[in-house]
Amino acid sequence: MAPALKTTLALQDAKPYAFECPTATTALIIIDIQRDFVDPGGFGSIQCGNDAVFSRARAIVPVVKKLLDAFRSFGGHVIHTREGHEPGLADLPAAKRLRQISNPVGHHSLGIGDQGPMGKLLVRGEYGHDIVDELTPWPDETVIDKPGKGSFWGTNIHRILLARGITHLVFAGVTTECCVSTTLRECADRGYQCIVLEDCTQGFDAQQVTTSLDIISGQDGLFGFVGNSPDFFQAIDRASAKALTQGLALTPPATPMGHEDSEPRFGFLPDESVPSVDQLLTDYRQSIRCPVEVIKSLYKRINQYKEVDPAVWIHLEPEANVLHAATKLVNKYKGKALPPLYGIPFSVKDTIDVAGVPTTAACPSYAYTPQVSATAVRRVLDAGALFIGKVNLDQLATGLSGCRSPYGTPHSVFSDKHISGGSSSGSCVSVGERLVLFGLATDTAGSGRVPAAFNGIVGFKPTKGTVSARGLVPACRTLDTITVVAPSITEARKVWQVIAHHDPEDPYSKLPHTLPTWHIDYRGPRVGGFTFAVPPPTILKVCKKEYRELFSSAVSALQSCGGTLKEVEYTPFSAAGDLLYDGSLLHERIHCIGHRFLQSNLPDMHPVIRELFDKAMSNPPSVYDAFRDQALQARLTREVQGVFDVLNGGVDVLVVPTTTQHPTIKEMEADPLKLNSELGTFTHCANVVDLCGVSVPAGTWLWGQEGDERKMPFGITILSASGYDAKVLDIAGVFEEEMMQRETFRL
């Protein structure tokens, strides 16, 4: 993790008093610097009606460009907005369209949608609608197309800000008295700490500009702060000087953390020389590394690890193919801004389609070769990521052990005697041993969280329906979720932001406006605080002694970084977990895989899979059972969602051990069904009652006896209600930071 996370900028000359903002959670919002608003012949020139006054709006562009460059220099978040309407004007209210041009003594000769020199005025897709060339957004910067003067109506900007963990906003743009002020005041209502830089904004009425700025900072900061760009640039200089004296930097360091000759962290391959995603992106931008060289180094590591564990990959792309893809990527972006996952290697669970590569679901008789990649895969490829291969899993994504594949049994990266966990076994091993920097996996009943915990990495299960499931072999369509496995919360979050988009062609995809939003605390979880609950002791007793002790330590760590522990009713969570395999939902899984396919192919399947499905198909539920379970699921979902209603006494998150123990491969093979069920004690409920969650490393424990000891990982999962993904990641982030600080202190 780059030390830049601790950098704070202080604008000492701001009004009504000094404004402070952490670079890691501050975004620059550039409002509507479009041709239509700052170039002659656009809607802005008509709105203004005075060429001399109008020219002042264009005059701010150079200083805004300097401000934008400053944010880009330290990897700051940047958001651009554009006001405009659909070509058919269906999103244009009559009042907005007619009010000004209807004034009998007004100067508005043309209205929105009318033909102007740069195309139809304020219409998306027209030349005038786009942002001026000097401020052209980079591929990793967000552009919000808004139909109103404010930025919240008809957009998902608040969820975008929440997803990125933003707490502070710096405003620039036009016009001060209209769109800038409106959006800033909307942000203030939602809890953001806001400042507008007066020399980076301009309007079409000098008095209204002055009044608007006075209103923002008046009454001791009624809506926020007003500052200026020289003070902002000085704040950067002061922060940089301070960081340098501490051996830090505003951007990640140019060389990897650690030493090339360090001892292996787990016991197989050294990982200290493998950079993080942010480090790698910084090195690419500074031409310190090249994707081609990174891939060559990566394949050496992959080939080394084949000697340790040959069961990770079902399909590994030939090195020459990936080098060719890396070379094309380099040529495509030579001299250009880089996309958010440029040159980042990733793996794909073999239930997710990659065009031209067989999808097997670890079941050879099921295999097919797709012509089109899954939507999530296409998104990360479009973001510049490099596909390395398809990885192993429990057959038909059924199981939490990692021991149910005809392609072999991967083991934990911590011990060759212990299970990797499943069903996303190969995904989590490939990331845990840094053969790739992230993986696209799945999670229906815990398949992305359990193996993440067993391999010491982060397993993030987004709210179901927020990542497109098109191109995913269904295990249980109403519950399936494509997930991200990554070394850290920051890296998982970055990938999630790329893939979490509404897909109108996925019938299970949730519309963004149906998901909740909440006001943020600009101080962050550590200072602002959060509430959490844990399972009762009667439930936790299923965990092994070492797990109970580590979970108790994790609870203490959460309290140390801002958490307040509260009691909640846990019964609905347990009931929902039982419903997954004890009710008719298991038969939805049979339907999704294909009843006839299972009947015809059961003899050729893995023995444990064969036993599980044979038992289920021989005892089908009645239609009455299915409707009973459907009603129970709806009731439990409502009860569980109420647990997270903080406005009515609920908690922000529920924290549980990711799983109950870490069996050896021999133990799992000796009792596969009972152990598998126990491993899912805390994971089975999540998708049944529509929760999001992330498993995060939370310490280690020693397994074995003197002379044969293994340091084994432990993980906790932080859960919350549907749509609260960003809140879960915020809290997981401060917990991760706390655990890293404790480990550093211990060393």
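**Close-ups of a predicted model**

View 1. Strand β8 (residues 168-174) is mostly covered, with seven of its seven residues buried; buried means under 20% relative accessible area, exposed over 50%, and partly exposed in between (1.4 Å probe, protein chains only). Helices (H or I, at least four residues) and strands (E, at least two) are DSSP runs, numbered from the N terminus. A bit of housekeeping: this is a predicted model, so local features need pLDDT of at least 70 and side-chain atom pairs count only at pLDDT 80 or more, while totals for chains, interfaces and linings use all residues. Residues are numbered from 1 along each chain as its sequence is written, and side-chain values use heavy atoms, leaving out hydrogens and water. In a regular strand the side chains alternate between the two faces of the sheet. In β8, His168, Val170, Ala172 and Val174 point one way, Leu169, Phe171 and Gly173 point the other way, and all are buried.

**View 2. Who pairs with β8.** Two strands pair if DSSP finds at least two bridges between them. Strand β3 (residues 26-31) runs parallel to β8 and is joined to β8 by six bridges, with isoleucine 31 sitting opposite glycine 173. Strand β9 (residues 193-202) also pairs with β8 in the parallel sense, over six bridges, and cysteine 194 in β9 is the bridge partner of leucine 169. To get from β8 to β9, the chain goes through helix α7 (residues 176-189), making a right-handed β-α-β crossover. Right-handed here means that, with the strands pointing away from the viewer, the path from the first strand over the helix to the second runs clockwise.

View 3. Lysine 15 and proline 16 are joined by a cis peptide bond, omega about 5 degrees, and proline 16 is in the loop between β1 (8-11) and β2 (19-22). Another cis bond runs from glycine 422 to serine 423, with omega near 0 degrees; serine 423 is in the loop between β15 (415-419) and α14 (425-432). Leucine 89 is not a glycine, yet its phi is positive, near 60 degrees. Leucine 89 counts as buried at 15% relative accessibility. Glutamine 219, in helix α8 (residues 206-221), has a positive phi of about 55 degrees and is exposed at 68% relative accessible area.

**View 4. Helix α10, mostly wrapped up.** Seven of the nine residues of α10 (residues 277-285) are buried, so the helix is largely enclosed by the rest of the structure. The buried set is Val277, Gln279, Leu280, Leu281, Thr282, Asp283 and Tyr284. Their cover includes α11 (291-308), β12 (345-349) and α16 (489-499), where contact means heavy atoms within 4.5 Å. Just after α10, serine 287 takes a positive phi of about 60 degrees.

**View 5. Inside the nonpolar cores.** A nonpolar core is a set of buried Ala, Val, Leu, Ile, Met, Phe, Trp, Tyr and Cys residues joined through side-chain atoms within 4.5 Å. The largest has 160 residues, and those with the most contacts inside it are Leu169, Val380, Phe438, Leu440 and Ile716. Leaving aside neighbours within four places in sequence, isoleucine 716 is in contact with residues including Phe551, Leu558, Val655, Val696 and Phe735. Apart from that core lies another, of 47 residues, among them Val53, Phe54, Ile60 and Ala235.
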